[in-house]
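User: I have a new multi-chain model open. Can you walk me through it?

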Amino acid sequence: MIAAVMPWLLVFLMLNLAAGLWRAWQGPTDGDRLLSALLFGTTSIALLLMIAEWLALPTLRSVALLLVMFASILSLAFFGMPEHGDD
Amino acid sequence: MIDVFALVLLIGGCGFMFAGTVGLLRLPDVYCRLHAQTKADNLGLLLICAALALLSESLLAASLLLLIWLLGLVASTVSAHLIARHARAAERVDRGKGR
Amino acid sequence: MIGTLAVDLLLVSILIGLAWQVVRGRVLFRAIVFFVAFGLIMAMIWGRLGVPDLALAEAAIGAGLTGALMLGAFRRLVEIDARQAVSGGLRPSPRLSLLLSLLAGLLVAVLGLAGLELRGGSGEAGRAALDSLHLTGLGNPVSAVLLLFRGLDTVFEMLVLLGAFLGARHVAERDRRSGAAIASHRLPMVGALQMTVVPLALVVALHLLRAGANDPGGAFQAGAVLAAGGVLLTLTGRVVPQAQAGLLTRFSLIFGTLMLAGSGIVPLIYGGVLMAPPGKTAIYAIEAAMMVSIGVTLSLLFSASAGLRAVRS
């Protein structure tokens with residue numbers, strides 16, 4: 001039963017991801033864009049974990065682990081960057 | 001039986017992820033968006049990890065899922081804090097320039 | 001089956017949409033964020049296609065290295081010329097864009113047609129490799145191909161990596177960053193994050209190295225994870241760039257290449273064949289050396305310096 005529902009849950013989460021892209025597109029500040037990058041990260045981790053269960057590939061959990069370990073690197077690199085102005 | 005429970009948890013998790021996205025798109029300010037999205041996404045990830053832990057094949061896999069969620073908490077906390085700090089500093093610069 | 005099709009279609013359309021937006025890049029920062037998302041979707045696609053080795057590498061490099069590298073470059077760009085950061089900054093000439101896109105499209109078409117032709121082929125090389133897998137002592141065909149069957153290609157890849165680092169160092173030497181604010185590890189949460197993740201990265205890297213023999217993993221993935229840990233240390237100020245490289249750093253940069261090439265040349269001395277496959281212990285040693293080299297090279301590529309020095313706090 002789970003195997004039948006799983007693809008649709010994946011589709012739902014991916015639509016969420018696509019919707020988050022709109023915020024990345026719109027802005028208005030860079031902080032908003034980075035925030036949507038954070039959304040991508042968390043959603044990708046959830047998606048990978050679900051695909052790992054769906055396709056019975058346990059290594060994908062390690063892939064999700066890598067993603068979550070380094071998820072904050074983008075925010076760290078962003079810190080202290082001068083806000084360059086409106087666009 | 002476990003399948004049904006896991007499915008409920010999965011759907012709940014996806015629902016909270018959806019709530020986070022709605023917060024990201026509809027709230028007026030970067031701080032509001034940060035607040036809503038981080039909290040909702042963390043909870044959504046918890047429910048999804050719990051569901052997958054129930055479905056997983058071994059205790060080792062379930063512990064890995066727990067570790068991933070804990071690290072997710074740390075990562076989103078630090079990221080949210082840094083983004084908010086940056087937004088605040090940018091605000092001060094804007095005010096200084098008289099915008 | 002409709003569900004699976006929907007998943008695949010959605011993945012592909014998001015990927016293409018992101019790629020288009022990255023290349024269009026009207027607002028530079030936005031394009032960078034889209035590129036990071038592109039990497040994440042790529043990792044997911046490798047997972048969906050059932051290729052965990054590639055997914056591991058894509059996740060480690062995409063999440064850990066590329067995003068930070070681009071943001072660092074963007075930061076330097078803003079310091080040099082703030083106009084380029086605003087939308088509509090520098091635009092290439094339309095003729096040049098057209099020429100480049102035609103060439104890129106031609107390249108993709110050629111590769112695609114070659115790939116389609118190979119499909120109808122007999123796949124002999126792949127089958128031969130899989131058949132002789134049990135002779136190598138390795139269980140993971142990807143590792144066997146990378147290290148043994150196509151070891152020469154891997155030597156060249158390591159040299160390319162070294163070349164990229166030397167190029168980056170040469171370019172970046174010209175403008176040293178003026179000491180911009182970094183997310184210091186003395187900030188309360190950043191310190192905790194770094195203390196948790198960096199040792200974990202070391203453990204995960206060693207696990208991937210050991211697991212690469214029979215399961216997905218290997219030297220590249222392990223090295224990329226180490227490099228991401230190095231990037232984390234640099235970003236939090238635990239480690240600072242150093243203008244002069246120590247002997248240990250210089251050696252670790254070429255250690256992997258030396259071991260791999262050496263393992264190919266040494267059999268010649270004993271009257272064997274060039275690049276004859278070594279035994280299992282030798283494979284572990286070579287992979288460990290490659291992991292160290294890749295980790296050091298990519299970390300130094302990010303900081304674009306000759307070396308890194310730990311900071312006593």
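Analyst: One definition before we start. The radius of gyration here is taken over C-alpha atoms, and the globule rule is 2.2 Å times the number of residues to the power 0.38. Keep in mind that this is a predicted model.

User: Fine. What radius of gyration does chain A have, against a compact globule of 87 residues?

Analyst: Chain A has 16 Å. A compact globule of 87 residues would be near 12 Å. The C-alpha trace of chain A spans about 50 × 25 × 10 Å along its principal axes.

User: What is chain A built from, helices or strands?

Analyst: Four helices and zero strands. The pattern along the sequence of chain A is α-α-α-α.

User: How much of chain A is buried?

Analyst: Buried residues are 67% of the 87 in chain A. On contacts in chain A with a separation of 6 or more, 47% join residues 24 or more positions apart.

User: Now chain B. Which elements does it have, from the N terminus on?

Analyst: Chain B runs α-α-α. That is three helices and zero strands. The C-alpha trace of chain B spans about 60 × 25 × 10 Å along its principal axes.

User: And what share of chain B is buried?

Analyst: Of the 99 residues in chain B, 44% are buried. Among contacts in chain B with a separation of 6 or more, residues 24 or more positions apart account for 61%.

User: How many residues of chain B are in contact with chain A?

Analyst: 37 residues of chain B, in contact with 39 residues of chain A. On the chain B side, α1 (2-26), α2 (30-55) and α3 (59-96) each supply at least two residues. The largest share comes from α3(B), with 16 residues. By class, that side of chain B has 27 nonpolar, seven polar and three charged residues.

User: Why does A:Met14 count as buried?

Analyst: Because A:Met14 has 22 C-beta neighbours inside 10 Å, and the cut-off for buried is 20 or more.

User: What is A:Met14 in contact with, leaving aside neighbours within four places in sequence?

Analyst: A:Leu47, C:Leu10, C:Leu11 and C:Ile14. A:Thr43 is another one to look at: 29 residues from A:Met14 in sequence, and 7.9 Å away C-alpha to C-alpha.

User: Then let's see α1 of chain C. Which of its residues are buried?

Analyst: C:Val7, C:Leu11, C:Ile14, C:Leu18 and C:Gln21. What covers them includes α1 of chain A together with α2 (28-48) of chain C.

User: How far apart are the end C-alpha atoms of that helix?

Analyst: 33 Å, for the 23 residues of α1 (residues 2-24) of chain C. That agrees with the 33 Å they should span at 1.5 Å a residue. C:Gly25 follows α1(C), with a positive phi near 40 degrees.

User: And α9 of chain C, how far does it reach?

Analyst: Helix α9 (residues 188-211) has 24 residues and reaches 35 Å from first C-alpha to last. That is close to the expected 34 Å. Its buried residues include C:Val190, C:Leu193, C:Gln194 and C:Val197.

User: What covers the buried residues of α9(C)?

Analyst: The cover includes α3 of chain A, α3 of chain B, and α3 (52-80), α10 (219-235) and α12 (280-303) of chain C.

User: Last topic. How is chain C divided into domains?

Analyst: Domain 1 is 1-85 and domain 2 is 137-313. Their C-alpha centres lie 23 Å apart. Their contact takes twelve residues from domain 1 of chain C and 18 from domain 2 of chain C. The domain 1 side divides into eight nonpolar, one polar and three charged residues.

Methods:
Residues are numbered from 1 along each chain as its sequence is written. Chains are lettered from A and ligands numbered from 1 in the order in which they are written. This is a predicted model: local features need pLDDT of at least 70, side-chain atom pairs count only at pLDDT 80 or more; totals for chains, interfaces and linings use all residues. Domain bounds come from an automatic or database domain assignment. Two residues are in contact if their C-beta atoms, placed from the backbone, lie within 7 Å. Ala, Val, Leu, Ile, Met, Phe, Trp, Tyr, Cys and Pro count as nonpolar, Asp, Glu, Lys and Arg as charged, and the others, Gly among them, as polar. A residue is buried if 20 or more other C-beta atoms lie within 10 Å of its own, exposed if 12 or fewer, and partly exposed in between; C-beta atoms are placed from the backbone. The expected span of a helix is 1.5 Å times one less than its number of residues.
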